[in-house]
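Hi there,

Here is the structure I promised to hand over. Have a look at it first, and then read on for what was found in it.

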Amino acid sequence: MRRAWIRLCAAATVAACAAAPCAVAVARACGQAAAAVVSADAAASRFARHDVFTTAADGGDRRYYLETPEGGDVTSVTVRGRLPWTIGVDYALDGPNVDADALWDAGGTVQIHVHVAPDMRADEAMRRYAQQLRLFATFTLPTQGVKDVSAGDGVAIARHGDAIVVSSTAAPGEALDMRVFVEATKFSMGDIAVAALSADSTAAYGDALRTLGAQSATLTQAVNKQGGGSGDDGANAEFLATLTQLRDQERALAEQRIAELKKAHQQAFHDYMAAYVGSYTTHLSGSIGTKTQMTALMGTAGELNGDTPLAHAVTALATAVNDVSDAYQHIGAADEVDRIITRVRQQGTGGLADDLKQTAGEQARIGTQMYSDGQGQLSRAMIPYSMAYTDVYTSELNDLTGGDVARAGAASAEAIEATNARNGTGTLGDDMAGVDAAMATLASAREHTGAANAAEQILQRFPDELADGGAAGGDGDVRMQLQPVLRDSPLMRAAYDQWLRDPLGGQARVRRAARIADAEKRQQAAHGVKDMSTLVTPSSDDAAAEISKYAGSVTASIGGGDDGAGAAGKSGDGGRQRQASKTISEDQWMALVDANPWERTFIAPDAQPSIDETVRIASVRQALDVTAGELTDDGALADGVAKAPMRAGTGDVLGTRFLIVHAAR
């Protein structure tokens with residue numbers, strides 16, 4: 001009994017000694033944390049002549065990131081105190097106020113009320129910023145799920161790619177009040193960015209907003225350097241260089257293919273309309289007149305199917321529509337690879353495989369649905385356009401022939417040329433805008449499909465690079481995945497090596513990692529040499545099946561049957577399934593090994609909270625850039641800024657710029 005007691009005491013002594021460094025680390029960390037928290041008054045002096053970034057979290061201490069306006073090292077400070085401004089956001093759905101969480105994915109009339117005002121309860125030094133800097137507030141709405149956006153006076157609404165950017169401004173010391181109304185089918189929105197700055201002209205304000213956006217985009221990388229990162233791409237340098245090559249290649253392909261296929265689509269569209277009215281001309285009777293002859297149009301409808309020149313022209317048009325839309329996949333692929341590059345630089349490759357699988361599925365779903373919607377939209381747009389085109393053609397033909405049907409065939413080419421010359425004017429121009437909008441929807445859909453393709457292809461081609469810590473599965477590879485406190489401590493490394501030798505512990509994990517590595521290598525070998533030509537997979541649309549979508553709508557408009565909209569709604573890929581995915585199985589892409597069985601037990605530096613914050617701050621760059629565009633001579637915000645006082649205040653305040661991100665939910 002006495003021997004057992006001695007052994008127990010000895011074990012307790014060893015445990016206490018082993019735990020002592022951790023206790024010291026805890027005490028030191030707590031002391032450093034306390035020292036890092038400063039008052040708002042002290043922070044205000046540190047902010048002077050810096051770009052200041054933060055998030056508008058409710059209550060508690062708030063972390064600020066400071067960078068000189070010229071760029072450079074980033075410092076951070078935790079402040080106990082109030083922001084210079086209060087930021088309030090209220091939402092309503094079909095009248096009553098609702099919480100943000102209840103609003104997401106909802107349909108109906110959404111009201112967004114953003115109110116930013118100087119905080120009179122803030123410390124005096126903070127209030128100086130609120131009184132002397134001009135406010136800007138901006139956020140984005142995805143075009144998908146939004147039918148219409150309107151707003152009160154002083155609010156700019158601009159479309160930029162797949163996003164609608166809403167922004168407003170207020171003079172120094174005044175409150176910014178912005179009400180926006182959205183007719184939504186599936187509501188969502190980006191975070192709200194509040195910028196506060198000073199400049200001596202509208203153009204200078206625009207430049208300052210763009211600079212804030214650019215600084216925010218590099219903030220995470222700077223924070224990683226501050227946290228001890230090497231500043232270069234480190235272990236991922238080769239992978240990132242390859243991704244950069246792929247991104248630039250996709251951008252070049254996008255520019256080349258879109259320009260080339262837009263011309264081909266234009267020609268196919270003109271050829272289709274020429275074949276359409278050419279067929280219509282052969283069915284004219286009596287005096288031509290100035291309006292479409294419905295009997296002649298009915299005769300044309302009978303030639304939309306079968307082995308006729310008109311049917312062949314429709315098939316050629318459908319092929320051209322599919323081809324030019326497919327070209328936009330290169331844009332989506334390039335944007336997705338750019339996102340992957342940023343993600344790897346910010347957070348490494350840990351968890352990237354799961355992220356890419358989720359992205360591939362989500363983007364493929366969005367692309368398929370949008371393409372289906374675009375096909376229906378194009379089908380419906382062709383009805384008024386074809387009718388308007390035929391009206392104009394009939395009138396031109398009547399003028400050229402004096403109404404004589406016998407001369408119609410000889411004058412048809414000249415009448416078509418005259419009709420095409422009027423394509424951008426009057427009713428014909430308005431109806432053409434509907435066709436262009438449908439083509440834009442199809443292009444946007446294919447950008448999502450391209451993003452899905454890129455995510456899938458990166459998963460297939462780079463299994464070793466995406467496997468956390470490498471796919472070799474050896475003891476050394478596993479050990480390198482440990483947190484530094486475990487990897488670099490001789491005592492901890494010895495304990496971990498003992499765990500690795502345990503048949504029921506580490507050995508089982510290592511064997512499983514080796515099996516996964518072998519499976520990945522076999523999968524990669526089956527694909528052959530990595531194809532670096534493009535990340536885009538051509539769609540499997542059957543152009544011949546598109547006749548009812550692109551031309552049959554006209555038949556329905558004159559009482560001839562199905563308009564093809566039903567077919568357009570059945571499939572976003574011409575009624576055919578997408579090519580079978582070659583994505584590696586879920587089990588093969590699971591983490592190689594849970595390399596830290598003592599996770600969260602030991603203290604190790606954790607940069608993730610800062611990374612998450614700075615990634616959120618960087619996400620508003622697009623909105624800032626578009627808002628800057630609204631300050632140009634013809635921009636919606638330029639006049640209001642030009643009429644207000646430009647600069648008034650002290651230099652240290654006017655040389656400071658704030659960017660505050662308020663989470664939308």
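Let's start with strand β8 (residues 134-142), which is mostly covered: eight of its nine residues are buried. Buried means under 20% relative accessible area, exposed means over 50%, and partly exposed is in between (1.4 Å probe, protein chains only). Strands (E, at least two residues) and helices (H or I, at least four residues) are DSSP runs, numbered from the N terminus.

Before going further, please note that this is a predicted model, in which local features need pLDDT of at least 70 and side-chain atom pairs count only at pLDDT 80 or more, while totals for chains, interfaces and linings use all residues. Residues are numbered from 1 along each chain as its sequence is written, and side-chain values use heavy atoms, with hydrogens and water left out.

**The sheet around β8**

Which strands does β8 run antiparallel to? One is β13 (residues 192-197), joined to β8 by five bridges, and here F136 stands opposite A195. Another is β11 (residues 163-170), joined to β8 by eight bridges; in this pair P142 faces A163. Two strands count as paired if DSSP finds at least two bridges between them.

These strands belong to an open sheet of nine, in the order β1-β4-β3-β2-β14-β13-β8-β11-β10, with mixed pairing. At its edges are β1 (37-39) and β10 (155-160), each of which pairs on one side only. From one strand to the next, the twist averages 25°. As background, side chains in a regular strand alternate between the two faces of the sheet.

You can follow the order from the β1 end. β1 and β4 are parallel, with three bridges, and S39 has R80 in β4 as its bridge partner. β4 and β3 are antiparallel, with six bridges; L66 stands opposite T75 there. β3 and β4 also form a hairpin with six residues between them, and G71 in the turn has a positive phi of about 90°.

Contact means heavy atoms within 4.5 Å. Axes are lines fitted to C-alpha atoms, for helices over the stretch in contact, and angles run from 0 to 180 degrees between N-to-C directions.

How does α2 pack with helix α4 (residues 124-132)? Their axes are 7 Å apart and meet at an angle of about 45°, which makes α2 oblique to α4. (Angles under 35 degrees count as roughly parallel, over 145 as roughly antiparallel, 65 to 115 as roughly perpendicular and the rest as oblique.) On the α2 side, A40, D41, A43, A44 and F47 take part, meeting A125, M126 and Y129 of α4.

In the loop between α2 and β2 you will find R49, a residue other than glycine with a positive phi, near 60°. D94 is another non-glycine residue with a positive phi, near 50°. D94 lies in the loop between β5 (85-93) and β6 (97-98) and is exposed, with a relative accessible area of 52%.

**The cores**

The largest nonpolar core has 57 residues, of which F47, I112 and L141 touch the most other members. Such a core is a set of buried Ala, Val, Leu, Ile, Met, Phe, Trp, Tyr and Cys residues joined through side-chain atoms within 4.5 Å. Leaving aside neighbours within four places in sequence, I112 has contacts that include V89, F139, L141, M178 and F187. Apart from this core lies another, of 48 residues, among them Y276, L304, L310 and Y389.

S325 sits in helix α9 (residues 309-327). Why does S325 count as buried? Because its relative accessible area is 1%. Beyond its neighbours within four places in sequence, S325 is in contact with Y371, L442, A443 and R446.

L459 is in helix α13 (residues 426-461) and counts as buried at 0% relative accessibility. The C-alpha atoms of L459 and A353 are separated by 6.6 Å, although the two residues are 106 apart along the chain.

Enjoy exploring it!
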